[in-house]
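Let's get to know a protein chain by asking it a few simple things. Have a look at the picture first, then read on.

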Amino acid sequence: FLAAEEQPTAGLVTGSPQTAESPGLEHVWKLNVVMALISCYVAMILTNWGTVNGLDENHNAANPTVGRINMAILGVSQWMTIVLYSWTLIAPRLFPDRDFS
């Protein structure tokens, strides 16, 4: 680098200043974790997970046929969402020559 009195005041500057990587890029993983947690929360809200309806006289809400099918559908949909989200994170690194924007 040049001292302040040696720097050109006019003319064409052909070099680009060397700058460090953007300061916010090393914290991008935190945003991804927060977004994953928010998506799990929204899935819970949309499916009424944790809400007990239909209690009988013994305060029992168990219905094995509905519960197993419902739990399987929820589990499959959540795993599909996790796989799709993971793919959106991994695909740009696996295929750097493709444009994902």
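Here come some questions and answers about this predicted model.

Q: How many helices and how many strands are there in the chain?
A: Start with the strands: the count for those is 0. That leaves the helices to look for, and the chain has 2 helices.

Q: What percentage of the residues in the chain is buried?
A: To count as buried, a residue needs a relative accessible area under 20%. The chain has 101 residues to check against that cut-off. Buried residues make up 2%.

Q: What share of the accessible surface belongs to carbon and sulfur atoms?
A: The accessible surface of the chain comes to about 9,600 Å². Carbon and sulfur atoms hold a share of 65%.

Q: What span is expected for helix α1 at 1.5 Å a residue?
A: Helix α1 covers residues 28-46, which makes 19 residues. The expected span takes 1.5 Å times one less than the number of residues. From first C-alpha to last, α1 reaches 27 Å, close to the expected value of 27 Å.

Q: Is L46 buried or exposed?
A: L46 is found in helix α1. The cut-off for exposed is over 50%. With a relative accessible area of 68%, L46 is exposed.

Q: How far apart in space are W49 and L74, C-alpha to C-alpha?
A: W49 sits in the loop between α1 and α2, and at 52% relative accessibility it counts as exposed. Along the sequence, W49 and L74 are 25 residues apart. In space, their C-alpha atoms are 9.4 Å apart.

Q: What separates the C-alpha atoms of A43 and Q78?
A: A43 is found in helix α1 and is partly exposed, at 24% relative accessibility. A43 and Q78 are 35 residues apart along the chain. Their C-alpha atoms are separated by 8.1 Å.

Q: Which kind of aromatic pair do W87 and F95 form?
A: The ring centres are 6.2 Å apart, with 65° between the planes. Planes over 60 degrees apart count as edge-to-face, so the pair of W87 and F95 is edge-to-face.

Technical notes: Residues numbered from 1 in each chain as written. Predicted model: local features only at pLDDT ≥ 70, side-chain atom pairs only at ≥ 80, totals over all residues. Heavy atoms only, no water. Helix = DSSP H or I, 4+ residues; strand = E, 2+ residues; numbered from the N terminus. Buried < 20%, exposed > 50% of the residue type's maximum accessible area, 1.4 Å probe, protein only. Areas by Shrake-Rupley, 256 points an atom, 1.4 Å probe, with all protein chains shown as cover. Phe/Tyr/Trp six-rings, centres within 6.5 Å; stacked < 30°, edge-to-face > 60°.
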